[in-house]
Amino acid sequence: MTRRSWTGWQFTGPFLAVFALVYLAPIIYSAYLSVFRTQLVGGTSFVGLENYTKAFSDPQFWEAITRVSLFLLIQVPIMLGLALLVALAIDSGRLYGTSFFRISIFLPYAVPSVVATLMAGFLYGVRFGLVGSINETFGLSIPDPLGPGLILTTIGNIVTWQYIGYNMLILYSGLKVIDTSLYEAAAIDGASEWRIIRSIKLPALRGPLVVAGIFSIVGSFQLFNEPQVLDSLAPNSITTYFTPNIYAYQLSFAGQQINYSATIALIMGVATMIVAYAFQRRSLKGAL
């Protein structure tokens, strides 16, 4: 190869090396672990697809998948809908103090998820938080937001509060690249503000909405920080298989079932990829 042909590799080589080390190598090693089983008696033995068969018949794994799927179907549309409304309101130019609102809504994203979860946990606590104080002061009996029946709703509230600003910024950026001459032409034709939103802004936001949706799908299936932090504040509500990631974590570090944990992680990685790809294909169908 000529000296010139090596120029591109000199730029991409460091990235490819890091990518292979921190991304491809763990996946390959997890795939390797998933076809073995390590036992105290008998050591490590090759079991083929037995770990995968066990996972697909594991009721705890399916309960974890059902929980994050429910979380995805309810929380993500609410979060993206609110982010869209905020982005449209800020872009309209009719909102007083646009810069202040934009920064204020984005600010929760700068708060680490662990800190945000701890704040919400102490806020919602019936023994020491705002809910408990309201119950005590007014003699009410507001249901425990950290109880088993409402814990998933509470986590959804935390995630929505934290990520509305992030998704708003994606959608707002999509609105700012729209040619303003389209608005002027629509106004001359007598189009109302709602018609401009429906016919110009929303079609232009298809791509940014798909991007935000894919990020949200991946985040939902990877749900870990919030329930893991709330486990100490609501120990009776967070099980060891509350989400697939928590289940894999507990299997690996508490149960010493590293091979089965790798299997769970790989299955969830493939499932996330399939759902995200299906969402992308469905959302962009007919866009081109």
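This is a predicted model: local features need pLDDT of at least 70, side-chain atom pairs count only at pLDDT 80 or more; totals for chains, interfaces and linings use all residues.
Entry 1, the count. I looked up how many salt bridges the structure holds, and there are four. I followed up some of them below.

I checked the R67 side chain and found a salt bridge to E63, with 2.9 Å between the closest N and O atoms. I then looked up where the two residues sit: both are in helix 3, which covers residues 59-91. They are four residues apart, about one turn of the helix. For accessibility, R67 has a relative accessible area of 17%, so R67 is buried, the cut-off being under 20%. E63 comes out at 34% and is partly exposed.

I found the side chains of D91 and K201 in a salt bridge, at 3.1 Å from N to O. D91 belongs to helix 3, whereas K201 belongs to helix 9 (residues 193-204), so this pair ties together parts 110 residues apart in sequence. I looked up burial for both partners. D91 is buried at 16% relative accessible area, and K201 is also buried, at 4%.

Which residue besides D91 is joined to K201 in the network? I found E193, whose side chain meets that of K201 in a salt bridge of 3.8 Å, N to O. E193 is partly exposed, with 33% relative accessibility. I noted that shared partners link D91, E193 and K201 into one network of salt bridges.

Note on methods
Residues are numbered from 1 along each chain as its sequence is written. Side-chain values use heavy atoms; hydrogens and water are left out. Buried means under 20% relative accessible area, exposed over 50%, partly exposed in between (1.4 Å probe, protein chains only).
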